[in-house]
Amino acid sequence: MQKSFDDWLDVLETTEFEPADEKLNTYQSYRFVNLDINEVTVDNYKEKLVASLAEQVEVFIPPIGSFETLDLRRYLELVCSYETSTTDIIMGLSLADQIRLAFSDMKTSTICDRYPDIGLAEKRRYRCVAEYLIRQGELTKLRDENGKLIKKIGNMQKAVVLYRPMPKLLETLKKSGLGHLIKKQQEAVPGSTEKA
């Protein structure tokens, strides 16, 4: 028995197998495709970035903001990580797209409700990405008529923010080639009191 086990180990030394140089199963947002962040400056960002990204960073550029070129690049790298880093091994979706898809039914909800099984540290990361999507105009926090945040008690018995998806969220999914994954909105059943 030991001999056959040793023979099996010898296969590693006698084979000429080389792993294929295929790309990993990752996804990159259309906003960062063909973008070399190291080429972006505070002077040329409007020409180098897609319109939505240029608009997003404009508030940080002088004379309104105080970003210098290195600050701008660090910010773009952070935003890019939201759009390309992944915990989705099967589909390779970015965390931002995972949240977009979770809210693609266009129903108001919380991060806790959409992701009940993730840990506290990961929920913080999801909320950071949700804040990014708010700045993008894809989500908004639910507020009352006085502008005060409306919260509910979440899974960990703490008050949590309610997020409302905006139409731009669906547009972004479609532009990113993920329109086929958008959740179908349920139609109201006749006689039902539940809204679609």
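Which residues are linked with R100 in a network of salt bridges? D97, R100 and E138 form that network.

1. This is a predicted model, in which local features need pLDDT of at least 70 and side-chain atom pairs count only at pLDDT 80 or more, while totals for chains, interfaces and linings use all residues. Residues are numbered from 1 along each chain as its sequence is written, and side-chain values use heavy atoms, with hydrogens and water left out.

2. A salt bridge here is a side-chain nitrogen of Lys or Arg within 4 Å of a carboxyl oxygen of Asp or Glu. The count by this rule is eight.

3. D97 pairs with R100 at 2.7 Å, N to O. The two are three residues apart in helix α5 (residues 95-102), and so about one helical turn separates them. Helices (H or I, at least four residues) and strands (E, at least two) are DSSP runs, numbered from the N terminus. Both D97 and R100 are buried, meaning under 20% relative accessible area with a 1.4 Å probe, protein chains only.

4. R100 also meets E138, at 2.5 Å, N to O. Because R100 lies in helix α5 and E138 in the loop between α7 and β1 (139-141), this pair ties together parts that are 38 residues apart in sequence. E138 is buried as well.

5. A further salt bridge joins R114 and D105 (3.2 Å, N to O). Both of these residues are buried.

6. The axes of helix α4 (residues 69-84) and helix α7 (residues 120-135) come within 11 Å and cross at roughly 110°; axes are lines fitted to C-alpha atoms, for helices over the stretch in contact, with angles from 0 to 180 degrees between N-to-C directions. The two helices are therefore roughly perpendicular (65 to 115 degrees).

Technical notes:
Parallel < 35°, antiparallel > 145°, perpendicular 65-115°, else oblique. Buried < 20%, exposed > 50% of the residue type's maximum accessible area, 1.4 Å probe, protein only.
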